[in-house]
Amino acid sequence: MYLNANNISYAYKKNKPILKNLSISIPDNKVIGLMGDSGSGKSTLCKVISGYIKNYTGTVTLDNNLIETKDFYPIQLIFQHPEKTMNPKWKMHKVLSESWNPPQELMDTFGLKDNWLGRWPNELSGGELQRFSILRALNPKTKFIIADEISTMLDAVTQVQIWDALLDYCKQNKIGILAVSHDKELLEVIADDILLFNEINKL
Amino acid sequence: MTKTEEKHKKFLNLNLRTKTLLIIGIAFLILFSVFVSNYLIDHTAVLTSNFYNINQPPSFEHWFGTDWMGRDMFMRTLLGLGISIGVGAFASIISTIIAILLGVFSSVNTIVDEAVTAVIDLFGSIPHILLIILVSLAFGGGYYGVVMAVGLTHWTPLARVLRAEIKKINTSEYIKLSTEFGKSKMWIAKKHIFPLIISQIIVGVILMFPHAIMHEASISFLGFGLPAHEPAIGIILSESMKYLSMGYWWLAFYPGLALLFLVLLFDLIGENVHKLLDPQSAQE
């Protein structure tokens, strides 16, 4: 299965486009790295592909089929700041089960401790919350993961643990990954191909 | 530190949650007993004039003294506070319903939102007391008039807060993520938005009480509120004005103090409930 984004253009302000005629294709058995400068529009592209921004021009298709918007969206975005993506008055088990109930083994591979499930989001650190938001995105209906700087706030050891677990799961379940970062060393390790954002964005 | 000392210290340093609950409990108990005492007191017996003991200063027999008709001021004050709580309760319910309706309504689309903001600003721009007097007169005055007047004018702050809160929640990333997970608008409203604004609503209602009570007292004081035969605090204060120059200070001092105390108690409950319901401070 391929995720294709064709001729994407988007502008926050009229006459000041941030994405122009951008095309990208991601196979479901590969990890594509995307590198670019701050403020160049990487996150905007992520939001367009994963359906957060709707009024763009161009098409996002899965094997040439447009994506149904009513149901679970098969392209899931994982954000850089997990604390913003969680309802502050929900305990973690509710946050997690809003998407699905992952099996215990999977929770163990991500290093999720059982007593975290009974806590509020503001009682966990950024790294702990990020494990939840990654696990939440790995719903069986997910076909592609867009990882927007997901490991920036983690220390090196945790970074390795989380990426290992994520890459393993995605290999097994045929989930393609678009990994966005400005950390070249990280992308060289995890990605099969690295794209430079400024080269594919035809401004 | 020895063990007994430690135990003693723990008893005094209750954790914040228990302390907050204790404060709320005591304040609520006082308010509740004031309210219930209204139904236990024999109104006619208390409010009948007794010219044997007029203008008595405070004593153990008459805690707040007696007035120029020999009525016990403590009893009158108690009845007045009961009326205040009643007006506050009805007015708060009316205000809250209006505030919730407008707050929810404003999230439909931008045009409706503009309209709601305009209505809120319009009501906010009219001098409060003036508006209350006009509405009270329009509804024919009396208890009904005061309740409607105070109820129809106190929803603006809560409506503004709810509108802003719903707007903030609606644009948050966890709501967008919820739609990504394929949840319906109704599901999001029920599971995400409602639990987040219910605490705002509860706190808003409790903090509306002091305002409602103060405004009821002030228009009664000015003579546009409750009729003169009711033992409302505003009536008591305005009547006692004539006797203050004769040195009967207790006629205004104790009822005024009692009203202040009542208002502060509601404020205390509101602040502490807010502390409990906010997860940022609830877990401290």
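This is a predicted model: local features need pLDDT of at least 70, side-chain atom pairs count only at pLDDT 80 or more; totals for chains, interfaces and linings use all residues.
Me: Thanks! Let's take chain A: what is the strand order in the open sheet of five strands?
Reply: The order is β6-β7-β8-β3-β9, and the pairing is parallel. Strands here are DSSP runs of E with at least two residues, helices are runs of H or I with at least four, and both are numbered from the N terminus. Two strands pair if DSSP finds at least two bridges between them.

Me: And which strands stand at the edges there?
Reply: β6 (75–78) and β9 (193–196) of chain A do; each has a single partner strand, so one side of each is left without a neighbour in the sheet. On average, neighbouring strands of this sheet are turned by 20° against each other, direction ignored. The axes are lines fitted to C-alpha atoms, for helices over the stretch in contact, and angles run from 0 to 180 degrees between N-to-C directions.

Me: What about β7(A), is that strand buried or exposed?
Reply: Buried: five of the five residues of β7 (residues 144–148) of chain A are, so this strand is largely enclosed by the rest of the structure. A residue is called buried if 20 or more other C-beta atoms lie within 10 Å of its own, exposed if 12 or fewer, and partly exposed in between, with C-beta atoms placed from the backbone. Both faces are covered, with A:Phe144, A:Ile146 and A:Asp148 on one side and A:Ile145 and A:Ala147 on the other.

Me: How many bridges tie β7(A) to β6(A)?
Reply: Four, in the parallel sense, and A:Gln76 has A:Ile145 as its bridge partner in β7(A). β7(A) also pairs with β8(A), again parallel, over five bridges. There A:Ile146 has A:Leu178 as its bridge partner.

Me: Where does β3 of chain A come in?
Reply: β3 (residues 31–35) pairs with β8 (residues 176–181) of chain A over five bridges in the parallel sense. A:Ile32 stands opposite A:Leu178 in β8(A).

Me: OK, the sheet of four strands: parallel or antiparallel?
Reply: Antiparallel, as an open sheet in the order β2-β1-β4-β5 (chain A). Its edges are β2 (19–27) and β5 (65–66) of chain A, each with a single partner strand, so one side of each is left without a neighbour in the sheet. Two bridges join β4 (residues 57–62) of chain A to β5(A), and A:Thr61 stands opposite A:Leu66.

Me: What is phi for A:Asp63, in the loop between β4 and β5?
Reply: Near 50°, a positive value in a residue other than glycine. A:Asn64 lies in that loop between β4 and β5 of chain A too, with phi near 65°. Most residues other than glycine have a negative phi. A:Asp63 is exposed, with 10 other C-beta atoms within 10 Å, and A:Asn64 is exposed with 9.

Me: Switching to chain B: how do α4 and α10 pack?
Reply: α4 (residues 73–105) and α10 (residues 185–222) of chain B pack at about 130°, with their axes 8 Å apart. That makes α4(B) oblique to α10(B), given that angles under 35 degrees count as roughly parallel, over 145 as roughly antiparallel, 65 to 115 as roughly perpendicular and the rest as oblique.

Me: And α4(B) with α12(B), at what angle do they cross?
Reply: Roughly 35°, and the axes come within 10 Å. B:Met73, B:Thr77, B:Gly80, B:Leu81 and B:Ser84 in α4(B) meet residues of α12(B) including B:Trp250 and B:Tyr254.

Me: Last one: how many residues does each chain bring to the contact of A with B?
Reply: Chain A brings 19 residues and chain B 14, where contact means C-beta atoms, placed from the backbone, within 7 Å.

Conventions:
Residues are numbered from 1 along each chain as its sequence is written. Chains are lettered from A and ligands numbered from 1 in the order in which they are written. Two residues are in contact if their C-beta atoms, placed from the backbone, lie within 7 Å.
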